[in-house]
Amino acid sequence: MSTATGIINIQRKLYEQTGRKTDAYYSEGQGALYVFMGDNLAVQNVIYAASETELMMHAI
């Protein structure tokens, strides 16, 4: 499975918990930061951070 699958699976879980869509910002080797759709990527707007390892675990 790919990292993209892990990103999407985490987005799905965040949507189920919050009822709001998210944008994901991914950096290879670092992981992904999630903000609510339409919010700027800023520290105060990050609702979830996932490491590269976590992304791969959610891709299974």
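Helices (H or I, at least four residues) and strands (E, at least two) are taken here as DSSP runs, numbered from the N terminus. By that definition, helix α1 is followed by Gly19, whose phi is positive, near 75°.

Before I continue, a word on the source. This is a predicted model, in which local features need pLDDT of at least 70 and side-chain atom pairs count only at pLDDT 80 or more, while totals for chains, interfaces and linings use all residues. Residues are numbered from 1 along each chain as its sequence is written, and side-chain values use heavy atoms, with hydrogens and water left out.

Let me begin with the helix.

Which residues of α1 are buried? Buried means under 20% relative accessible area, exposed means over 50%, and partly exposed lies in between (1.4 Å probe, protein chains only). The buried residues of α1 are Thr3, Gly6, Ile7, Asn9, Ile10 and Leu14. They cover an arc of only 165° around the axis, taken from the directions from the helix axis to the C-beta atoms, and this puts them on the same side of α1. An α-helix has 3.6 residues a turn, so residues three or four places apart point the same way.

These buried residues pack against β1 (22–27), β2 (31–36), β3 (46–51) and α2 (52–58), where contact means heavy atoms within 4.5 Å.

I turn now to the sheet. Three strands form an open sheet in the order β1-β2-β3, with antiparallel pairing; two strands pair if DSSP finds at least two bridges between them. β1 and β3 stand at the edges, each with a single partner strand, so one side of each is left without a neighbour in the sheet. Six bridges join β1 to the antiparallel β2, and Asp23 has Val35 in β2 as its bridge partner.

Finally, the aromatic residues. Rings of Phe, Tyr and Trp (its six-membered ring) pair if their centres lie within 6.5 Å; planes under 30 degrees apart count as stacked, over 60 as edge-to-face and the rest as tilted. By this rule the count comes to one aromatic pair. The rings of Tyr34 and Tyr48 have their centres 6.1 Å apart and their planes at 55°, so the pair is tilted. Tyr34 lies in strand β2 and Tyr48 in strand β3, 14 residues apart, and the pair thus links distant parts of the chain. Tyr34 counts as buried, at 0% relative accessibility, whereas Tyr48 is partly exposed, at 30%.
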